[in-house]
Amino acid sequence: MKTSLKFIVCLAICMGIVFAASSQSIRVTGKVTTPDGTEIAGVHIFDSIANVGASSDKNGIFSLTIPQKATRLRFSHVAFETKYLPLTEKRLADTIVANTIWLEVVLTQALRKLPVVEISDAKVQIAYKNPKQWILDYEPVGTDEFLLLLIEKNKKYLELVNSNHEKISQIVIDKDYKELFKDHSGYFHLLSRDSACQAFLVDEELILDYHNIRHDFSQFVEPVVVNTENYLYMKDYFTVNDQLVSYNKINKETKETTPFVEIFDEKQAIYNSDCVSKFMGDFIKCCKLSDIDVTPELIASFRAILINSKNVDEYWRSRLILGSAGMCVPLDQKNLSFYKQVLAKPPYSLLAKIHDTIYFFDHLNNKIAAYDLDGNYLKETPITYHDNKGWDKEIIVNEEKTRCFAKFTRNGETSLVEINPNTGQTMGTYILEVHAFPTKIRVRGNEIYYLCKDYFEGEQKYFLWKQKVE
């Protein structure tokens, strides 16, 4: 890993920083807060004259470089009213210190109508349901709004709506985006197989900006799981038979990357190595039968594709780079699918910030380790909940980063078991009582949100539901 490159690229993509090249420029830094002083992350700051922008980080801090001339900055966020701040030549001249000015910016929350929900059960409610629309994905925004990726009449849309089913803003999507992603700083992104872009709300209008190659996004944005004042914590997968998972710590000031924590399932890695050897043997045998020259480079390429492909579909696409040898696939396709979907899955772990503590959920070694925000070890707690039948190998942290839940599924019934990360003990079980096999579960406030299929005009479509957490 090249430390400085990974750090710079990661920050550039995550925070959307675009620097202006100018012989006479100034640095504009500042902090964005609510009227009560709460920092706001993910605010889009844009200078329309210089055509440069930035985003505020977790602490509300932003920084961008603009030409030293009169301009007007725009501050926008999906949950707050857009604000314009003029910077006159006099103001610039009076406030510049060491070629830098500092701004204190206050945003007010956008006023929306109070949500009205339709009761379908004592606890279960419709969070958003439009029979004409198919929900591909969603993410909660603020306290009562949602960002939705929709299909309606063969067109794809990105919509910001409230719980009253009222549309706040809508934009037509002209690319094959299939997924919404909310990163560690609260920024929203649209993802396709090949590309990614960030979504903002400006003057009640959704816009897309900061377009990136999906590979770069997957390398430098998605792996960042915790962002503190001094450090970024990034998940890194290694190719030791897919069973070594490592989390690295990046110092924001020095750009130094150091290993933080890791887990390695040695027993599974040995078994996987035997499977890889078998696939390699089948590949070489098939190549020889097809009169294809088996070179060390060809073998190395096939092995890299087999190990690095995240799933079977990605394996099929990647093998095309082998040319004619790409047709010499492993003979037993059932074994290949089993390897990619089951054996090659890395041991499940989670590094997450809950309140002001970083917790490492190490299910392989039956413990939760606690660290302060600078990564200093605090304590270790034993856990047993993951040994219970039906655990889906998934921990869900609520939107407020104050609670966490283990997801269980038994006979189609899904339940969330709340965990106290300080003690490792379970605190309560919340059963999703109405719908079987819900997807994309999120917890916000005292409610659990999820997508589940329902019938409309003989066709199954996904609708958004919620259930109260008592």
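**Thr34 and the cores**

Mentor: Gladly! Let's start with Thr34, which touches Ile40, Phe80, Val106 and Leu107, leaving aside residues up to four places away in sequence. Keep in mind that this is a predicted model.

Trainee: Is Thr34 buried or exposed?

Mentor: Thr34 sits in the loop between strand S1 (25–33) and strand S2 (44–47). Its relative accessible area is 13%. Buried means under 20%, so Thr34 counts as buried.

Trainee: Which residues have the most contacts inside the largest nonpolar core?

Mentor: That core has 38 residues. The residues with the most contacts inside it are Val28, Phe75 and Leu103.

Trainee: What does Val28 touch?

Mentor: Here too, residues up to four places away in sequence are not counted. That leaves Phe62, Ser63, Leu64, Ile66, Leu73, Ile101 and Leu103. There is also a second, separate core of 22 residues, which includes Phe279, Leu298, Ile307 and Ala325.

Trainee: How are helix H4 (residues 266–289) and helix H5 (residues 296–308) placed: parallel, perpendicular or oblique?

Mentor: Their axes come within 11 Å and cross at roughly 135 degrees. Because of that angle, H4 is oblique to H5.

Trainee: How many residues of the contact of H4 with H5 are charged?

Mentor: H4 brings Val276, Phe279, Met280, Phe283, Ile284 and Cys287. H5 brings Leu298, Ile299, Phe302, Arg303, Leu306 and Ile307. These divide into 11 nonpolar, no polar and, finally, charged: one.

Note on methods
Residues are numbered from 1 along each chain as its sequence is written. This is a predicted model: local features need pLDDT of at least 70, side-chain atom pairs count only at pLDDT 80 or more; totals for chains, interfaces and linings use all residues. Side-chain values use heavy atoms; hydrogens and water are left out. A nonpolar core is a set of buried Ala, Val, Leu, Ile, Met, Phe, Trp, Tyr and Cys residues joined through side-chain atoms within 4.5 Å. Buried means under 20% relative accessible area, exposed over 50%, partly exposed in between (1.4 Å probe, protein chains only). Contact means heavy atoms within 4.5 Å. Axes are lines fitted to C-alpha atoms, for helices over the stretch in contact, and angles run from 0 to 180 degrees between N-to-C directions. Helices (H or I, at least four residues) and strands (E, at least two) are DSSP runs, numbered from the N terminus. Angles under 35 degrees count as roughly parallel, over 145 as roughly antiparallel, 65 to 115 as roughly perpendicular and the rest as oblique. Ala, Val, Leu, Ile, Met, Phe, Trp, Tyr, Cys and Pro count as nonpolar, Asp, Glu, Lys and Arg as charged, and the others, Gly among them, as polar.
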